[in-house]
Structures are given as structure tokens and as C-alpha cells.
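Let us read this structure together, one feature at a time.

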Amino acid sequence: MSSAESAQSPESADISGTERSARPGRLAAAAAVAGVEGLALLAGGLYMLVTVLADGPDDLTSAVMGAATLVALGFIPLAAARGLWLRRSWARGPAVITQILALPVAWQLLQANSVMIPAGIALAVLAVTGLVLLVSPSTTEALGIRRPGQDTP
């Protein structure tokens, strides 16, 4: 066994044993976008939960459920981000859905006459950037997703 063969780690080889190419920058950026969105949802849910418990709203059950929902929804883009980082093809679906669902939320934030407008702008930029990165040919190729009509390797 040569020194090059012994230096190859299991992480650098795919299932067939061939060496994997470097992770495309667009795939890494898409994973980062999904991760940022997931962390923002988690932070928003935790903030909402702390605020609810501190202020004691009229309907505690609804407020706690809203906060728990945001926390739970935060795990979807976080799982997608991890899957994208690890080049799992299944991760693109949840990541794309997250971006599509973020667009109407961003629109609603932009319609508010408040301090939420910058958040709406940031969310819209993230969602559009995420969509562009996720449908990029280099991303789909890195994830092993074939286009319709493309021959199998």
C-alpha cells in the first residue's frame, strides 16, 4: 500500500471508494444560508418563549405553542444545512422549501411600517440567495442530483 493510499481518510472517499472532489463554494454557501435561517428561527422561538414567560400573556398556551413551533421549525433548515454540508441529496428539498416559505414571510415584514423592515430585507436577500445557490448546476452536481434527461453515469 502506497503512502498516498494510506493517507486517504474515510471522509474523503465516497461509497465507491473513489476520492471526492472539493466541496463547491456554492454548496457551502447554501449550507451557510440554511444554517443562518435555522439559527434565526431557533433564536426567535427562544426569545418568544422567554418573553412569554416573563410577561405572562392572556393566552399562555397559545403563546408557548407559537414559541415551540418556531423552535421546532428551526431544526428543519439546520438539518438541511448539515445535510448540504455533508453532500446529502435529500437535504436540497427541505432547504428549497425553507427558502420558498421565507419569501412570503419577508414580504409581510416589508409591509410593516416598523423596525421589521430591515429584517424583511435581510430575509428576502437570504431566501433569494439560497434559492439561486440551491438550483446552481454546481450544487446539483455536487449533491449527485441528475437533471431530467441526463444519462446515468
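Q: When I look at a helix, I would like to know what its hidden side faces; which elements do the buried residues of α4 pack against?

A: Bear in mind that this is a predicted model. In α4, the buried residues are Ala95, Val96, Thr98, Gln99, Ala102, Ala106 and Leu109, and the elements they pack against are α2, α3 and α5.

Q: How can the length of a helix be checked, and what span should the 20 residues of α4 have?

A: One compares the expected span with the distance between the end C-alpha atoms. At 1.5 Å a residue, the 20 residues of α4 should span 28 Å, and because its end C-alpha atoms lie 29 Å apart, the two values agree. For α3, which has 26 residues, the reach from its first C-alpha to its last is 38 Å, close to the 38 Å expected at 1.5 Å a residue.

Q: Which residues of α3 are buried, and what covers them?

A: The buried residues of α3 are Ala63, Ala67, Val71, Gly74, Pro77, Ala80, Ala81, Gly83 and Leu84, and their cover includes α2, α4 and α5. After α3 comes arginine 87, whose phi is positive, near 60 degrees.

Q: Why does leucine 84 count as buried, and which residues does it touch beyond those up to four places away in sequence?

A: The reasoning rests on a cut-off, since buried means under 20% relative accessible area. Leucine 84, which lies in helix α3, has 0% relative accessibility and therefore counts as buried. Not counting residues up to four places away in sequence, leucine 84 touches Leu27, Ala30, Ala31, Ala91, Arg92, Ala95, Leu134 and Leu143. Arginine 23 is 61 residues apart from leucine 84 along the chain, yet their C-alpha atoms are separated by 10.0 Å.

Q: How should I read a nonpolar core, and which members of the largest one touch the most other members?

A: In soluble globular proteins, nonpolar side chains tend to be buried together. Here the largest nonpolar core has 13 residues, of which Leu27, Ala30, Leu84, Ala95, Leu133, Leu134 and Leu143 touch the most other members. At least two residues of this core come from each of α2, α3, α4 and α5, and α2 gives the most, with 4 residues. Apart from this core lies another, of 5 residues, among them Ala102, Ala106, Leu109 and Leu123.

Q: Finally, how is a pocket described, and which residues lie nearest the centre of the largest pocket?

A: The largest pocket has a volume of about 640 Å³, and of the 21 residues that line it, Glu37, Leu41, Ala102, Val105 and Leu123 lie nearest its centre. Two or more lining residues come from each of α2, α3, α4 and α5, and α4 provides the largest share, 7 residues. By class, the lining has 18 nonpolar, 2 polar and 1 charged residues.

Note on methods:
Residues are numbered from 1 along each chain as its sequence is written. This is a predicted model: local features need pLDDT of at least 70, side-chain atom pairs count only at pLDDT 80 or more; totals for chains, interfaces and linings use all residues. Side-chain values use heavy atoms; hydrogens and water are left out. On a 1 Å grid over the protein atoms alone, a cavity is a set of points where a 1.4 Å probe fits but cannot get out, and a pocket is an open set with protein on both sides within 12 Å along at least five of seven lines; lining residues have an atom within 4 Å of a point. Grid points are joined across faces, edges and corners, and a volume is the space filled by probe spheres set on the points. Ala, Val, Leu, Ile, Met, Phe, Trp, Tyr, Cys and Pro count as nonpolar, Asp, Glu, Lys and Arg as charged, and the others, Gly among them, as polar. A nonpolar core is a set of buried Ala, Val, Leu, Ile, Met, Phe, Trp, Tyr and Cys residues joined through side-chain atoms within 4.5 Å. Buried means under 20% relative accessible area, exposed over 50%, partly exposed in between (1.4 Å probe, protein chains only). The expected span of a helix is 1.5 Å times one less than its number of residues. Contact means heavy atoms within 4.5 Å.
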